[in-house]
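Look over the sequence and the model below before reading on. The paragraphs that follow go from the whole protein to single residues.

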Amino acid sequence: MPAAPARGDGPPHPPHVMPAALIRPRGRPCGQRAHPSPATWQHGHVTAATHSTLFPHVPDSADAVLEGLDPEQRAVATALHGPVCVLAGAGTGKTRAITHRIAYGVRAGILQPSSVLAVTFTNRAAGEMRGRLRQLGAVGVQARTFHSAALRQLQYFWPKAIGGSLPRLVDRKVQLVADAAAACRIRLDRGELRDVTAEIEWSKVTQTVPADYVAAAAKAGREAPRDPAEIAQLYSAYEDLKRERAVIDFEDVLLLTVAVLQDRQDIAEQVRAQYQHFVVDEYQDVSPLQQRLLELWLGDRENLCVVGDASQTIYSFTGATPDHLLDFRNRHPGATVVKLVRDYRSTPQVVHLANGLLAQARGRAADHRLELVSQRAAGPEPVFTEYPDEPAEAEGAARRIRELLDAGVQAAEIAVLFRTNAQSETYEQALADAGVPYQLRGAERFFDRPEVRKAGVALRGAARFGGNDALLDDAPDLPSQVRAVLSGEGWTPEPPAGSGAVRERWESLAALVHLAQDFAAARPGATLADLVAELDERAGAQHAPTVQGVTLASLHSAKGLEWDVVFLVGVAEGMMPITYAKTDEQIEEERRLLYVGVTRARERLHLSWALSRSPGGRPNRRPSRFLDGLRPGSNAAAGRGGAAGTGGVERGTYIPAATAGPPGPRRRQRSVARCRVCGRTLTDAGEMKLMRCEDCPSDMDEGLYERLREWRADQAQRSGQPAFCVFTDKTLMAIAETVPDDEHGLARIPGVGMRKLGRYGADVLAICAGRDVVAGEGRG
């Protein structure tokens, strides 16, 4: 399935924007536009999969990593000590900010790559993060899902903690649940089997044992698919069956890792010694179990950066909760909070509608909503369309999509999003009738498709024996070699007519051809073997290339993706919000789900609904209440409003765990970097290193600076690494301006971390004192 291109992630060059401000309520019209190794538990064999077709060049210095970031993104990237909370609205470049933060810390020598663990929720997101870090020169940083990181630790420590081999991990628990139901003599139809499985998963991530399920479900207000006592019985039987068969499920991976870290202090200390710095993406989706694991990884330290948006919490039914994000400042009073609200993805018209949806929201997440500010040029207004029935709605969407394709819009840049998977069939039929290629997101994984597996075998064989293959004689470059190989698997320069299985196979092969073209453009001289290695990396991360076809997807599965054109269909009462959403909390989650759908659109947005289900039916449906006051001709719904968050930075005072006093309330303080010459507030990372404005007079010792540069060149030559990896020019300038006379003074200079202090500190202090340093005497 396609990963949308990495657009809308930040300015392509430093934008004309206002400086970052401290967080405070501030009015702004909705949608206002700005002016323009070894396989150990911590290291696996899967390396980064390239996240996009852009393949940019690696920045040549730590400071170059910061180029192109807006002030708030830059604040995230340079906040490398203590707890940091990034509240990031949709399309504001959160992945860009946190990957640049890690890369800047690594390239500046502040963070050791192997000591950083970045965790997120999907293999695709983890693969994208690894790809971006590799492109920024931060090689060796671990970016994994919670489950992947926990499984690696569990596999490594199981023999020591428990003994023997780790039990087999089952991919799908549905069959086990069915066997448990049979053992309990309880009949479950297909839908009930799926729902009971979901209840067991919820119980485990909320750390609820079978005996406590009935009370816990009642307290959480869950609509159990069967009698709660029966579900508790099934849950207990399921756990017994797992023990009998010596297997574990995905939730057990987290539960067992938590148990090992809680019970074995020596193992917990070993993990904490390895990982010193943590980054958690999509923090609003963390479950109580994942939060507990994170706390055990951290211990008593606070080197944690979390990123999230409470307004995109759409997985509460699985046990996810935004409370950990919203309570972050309470748990970490000294935290730095950065709010990202500059939306680089969507036009002001789309952003205006998104802000309007949240303006009517209620509840705790609504109180912390972010008001987005589009950074793009104006686009068309969202289109609202009413149809007499659902088939007419599907046909109308297909007709408009056909017109867009005829006008030159790429099929891969269009999506049709719906509330439930059951809605897809009508749209599949309508698109097929209109001759529109499509793909169903959430179906078979790209790299698991038979044609893709066969193509991989063929490419691997050609890479190994291609010199003896006449098929490649007239293929001088990588793209033509791939086309030649895949022509034997069914690829043709022109797509087959119509839709169906033949067209789907062709689309899969065409995606591989396009990837080869992008790969060759980014890496001149790349061989077929290099491409095969890239495909293996992508397969390991389940990071599929883009397939040419309109995407059909549920709103839940569309999270994290974006398209130029989005059709939001079935936006009617009973479907949005869904009928079974009864409580205020459930209704608000439905609103957030629609908000996620709206913010997937970059340029064009179509919203539609049908008055009846079938032709000739009673037209008794009405548009979703969420559109009241937003669609033409409707009255505004009563909304609470509340204070929307604006962009900016609020810095707390970080107190390292080793020096912190006894637990208790700590007064929050703000620390602002100011120029030591003119007193102006500093936001640029380079100026913050020098502790002065770039154009303020310098009292640098020029002779000392040159001696430091000569010493750095010698160190770089000896270690075989670029000079900036020893110290950047800005750090050497800061040293030459302050001329520290002891390790404490040297350590206070940004860019001189503990590792570099230990390795180079004696040499630098000797040079500052005017003493000669014998070449090659540096430590380590």
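What percentage of the residues in the protein is buried? In this predicted model, buried residues make up 54% of the 780 residues. The fold contains 28 helices and 17 strands. Its accessible surface comes to about 34,000 Å², and carbon and sulfur atoms account for 51% of that.

Helix H15, residues 348-359, shows the covered side of the protein. Ten of its twelve residues are buried, among them Pro-348, Val-350, Leu-353, Asn-355 and Gly-356. From first C-alpha to last, H15 reaches 16 Å, close to the 16 Å expected at 1.5 Å a residue.

The next stop is a charged part of the surface. Asp-701, Glu-702, Glu-706 and Glu-710 form a negative surface patch. Glu-710 lies in helix H25, which covers residues 702-719. Glu-710 counts as exposed because its relative accessibility is 59%, and exposed means over 50%.

Some loops hold backbone features to check. Gln-207 has a phi near 60°, a positive value in a residue other than glycine. Gln-207 sits in the loop between helix H7 (190-205) and helix H8 (213-220), and it counts as partly exposed because its relative accessibility is 41%. Glu-282 also has a positive phi, near 50°, and is found in the loop between strand E6 (277-280) and helix H12 (288-298). Is Glu-282 buried or exposed? With a relative accessible area of 13%, Glu-282 is buried, since the cut-off for buried is under 20%.

Finally, a cis peptide bond joins Met-576 and Pro-577, with omega about 10°. Pro-577 belongs to the loop between strand E15 (563-568) and helix H23 (584-598).

Notes: Residues are numbered from 1 along each chain as its sequence is written. This is a predicted model: local features need pLDDT of at least 70, side-chain atom pairs count only at pLDDT 80 or more; totals for chains, interfaces and linings use all residues. Side-chain values use heavy atoms; hydrogens and water are left out. Patches are made of residues with over 30% relative accessible area and no salt bridge: like charges are joined within 9 Å, nonpolar side chains (Val, Leu, Ile, Met, Phe, Trp, Tyr) within 5 Å. Accessible areas come from the Shrake-Rupley method with a 1.4 Å probe; for residues, only the protein chains shown count as cover. A salt bridge is a side-chain nitrogen of Lys or Arg within 4 Å of a carboxyl oxygen of Asp or Glu. Lys and Arg count as positive and Asp and Glu as negative; His and the chain ends are not counted. The place of a charge is taken as NZ of Lys, CZ of Arg, CG of Asp or CD of Glu. Helices (H or I, at least four residues) and strands (E, at least two) are DSSP runs, numbered from the N terminus. Buried means under 20% relative accessible area, exposed over 50%, partly exposed in between (1.4 Å probe, protein chains only). The expected span of a helix is 1.5 Å times one less than its number of residues.
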